[in-house]
Amino acid sequence: LDKTLLDAFWAGSAGVKLSVSNTPPIDIKDQVQGLLMYPYGCLEQTTSSAYPLVFIDDEAAIRDSLRMILEYEDYQFVGAGSGQDGVALAQRERPDLVLLDIKMPGMDGMEVLRKLRAFDDTLPIVMISGHGTTATAVDAIRSGAIDFLDKPLSSERVIITLRNVLQQQALRTENRELKLAMESKYEIVGK
């Protein structure tokens with residue numbers, strides 16, 4: 001696929017055909033649908049999450065708007081209205097990712113972050129705040145959050161963040177599995 005064909009697709013051109021020698025032409029949209037262009041020129045198929053994404057926020061309207069964004073993108077979504085409910089939900093559902101508001105009554109987001117880290121230190125957690133400062137963001141990242149988003153949430157920023165975080169998580173998992181496979185293949189046994 002060259003840049004001209006991709007530009008035509010992204011611009012919404014209908015009827016652009018792709019033909020490889022000795023094969024019938026195919027509609028480019030059929031081939032490119034669902035692809036995401038990543039930095040460094042690599043194209044990768046995007047997939048929805050196999051497990052739900054958990055969103056912990058005390059504001060029902062924000063949970064509902066994020067639910068619509070994520071369900072439109074074919075992600076599974078489970079929401080919790082408090083820190084305590086969110087911790088229990090994340091432990092029960094074993095999500096691929098947690099989106100977590102910082103300011104909540106009762107158990108705040110930083111406390112939830114620490115509890116989730118103690119439960120599963122590999123779980124990616126993205127912090128969200130409408131009252132965030134640089135110091136708050138730095139504290140969240142130092143405490144184990146993988147990213148920090150400001151409210152009001154931009155749907156594009158949320159989707160890009162989710163895709164990047166889930167891609168990084170998949171790469172970490174693949175790397176861990178490959179290391180284990182190599183270690184078992186080349187196991188050194190001593191006397």
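**Stop 1: H3 against H7**

Select Leu66, Ile69 and Leu70 in H3, then Ser155, Val158, Ile159 and Leu162 in H7; these two groups meet. Bear in mind throughout that the model is predicted. Sorted by class, the contact of H3 with H7 has six nonpolar residues, one polar and no charged.

Now show both helices whole: H3 covers residues 60–72 and H7 covers residues 155–185. Their axes come within 11 Å and cross at roughly 60 degrees, which makes H3 oblique to H7. The crossing of H3 and H7 is right-handed.

**Stop 2: H4 against H5**

Next select helix H4, residues 83–93, and helix H5, residues 109–119. The axes of H4 and H5 come within 10 Å, with a crossing angle of roughly 20 degrees. Angles under 35 degrees count as roughly parallel, so H4 and H5 are roughly parallel to each other. The H4 and H5 crossing is right-handed.

To see the contact, show Gly83, Val87, Ala90 and Gln91 on H4, and Val112, Lys115, Leu116 and Phe119 on H5. By class, the contact of H4 with H5 has five nonpolar, two polar and one charged residues.

**Stop 3: the largest nonpolar core**

Which residues of the largest nonpolar core touch the most other members? Select Ile56, Val98, Leu100, Val112, Leu113, Ile125 and Met127: out of 22 residues in this core, these are the ones. Two or more residues of this core come from each of strand S5 (53–56), H4, strand S7 (97–101), H5, strand S8 (125–129) and helix H6 (134–142). H5 gives the largest share, four residues.

Centre the view on Leu100. Neighbours within four places in sequence left aside, Leu100 is in contact with Ile56, Gly109, Val112, Leu113, Ile125, Val126, Met127 and Ile128.

**Stop 4: Pro95**

Last, select Pro95, in the loop between H4 and S7. Is Pro95 buried or exposed? Its relative accessibility is 9%, and under 20% is the cut-off for buried, so Pro95 counts as buried.

How values were computed:
Residues numbered from 1 in each chain as written. Predicted model: local features only at pLDDT ≥ 70, side-chain atom pairs only at ≥ 80, totals over all residues. Heavy atoms only, no water. Axes fitted to C-alpha atoms, helices over the stretch in contact; angles between N-to-C directions. Parallel < 35°, antiparallel > 145°, perpendicular 65-115°, else oblique. Left-handed = near helix turned anticlockwise from the far one by under 90°. Contact = heavy atoms within 4.5 Å. Nonpolar A, V, L, I, M, F, W, Y, C, P; charged D, E, K, R; others polar. Core = buried A, V, L, I, M, F, W, Y, C linked by side-chain atoms within 4.5 Å. Buried < 20%, exposed > 50% of the residue type's maximum accessible area, 1.4 Å probe, protein only.
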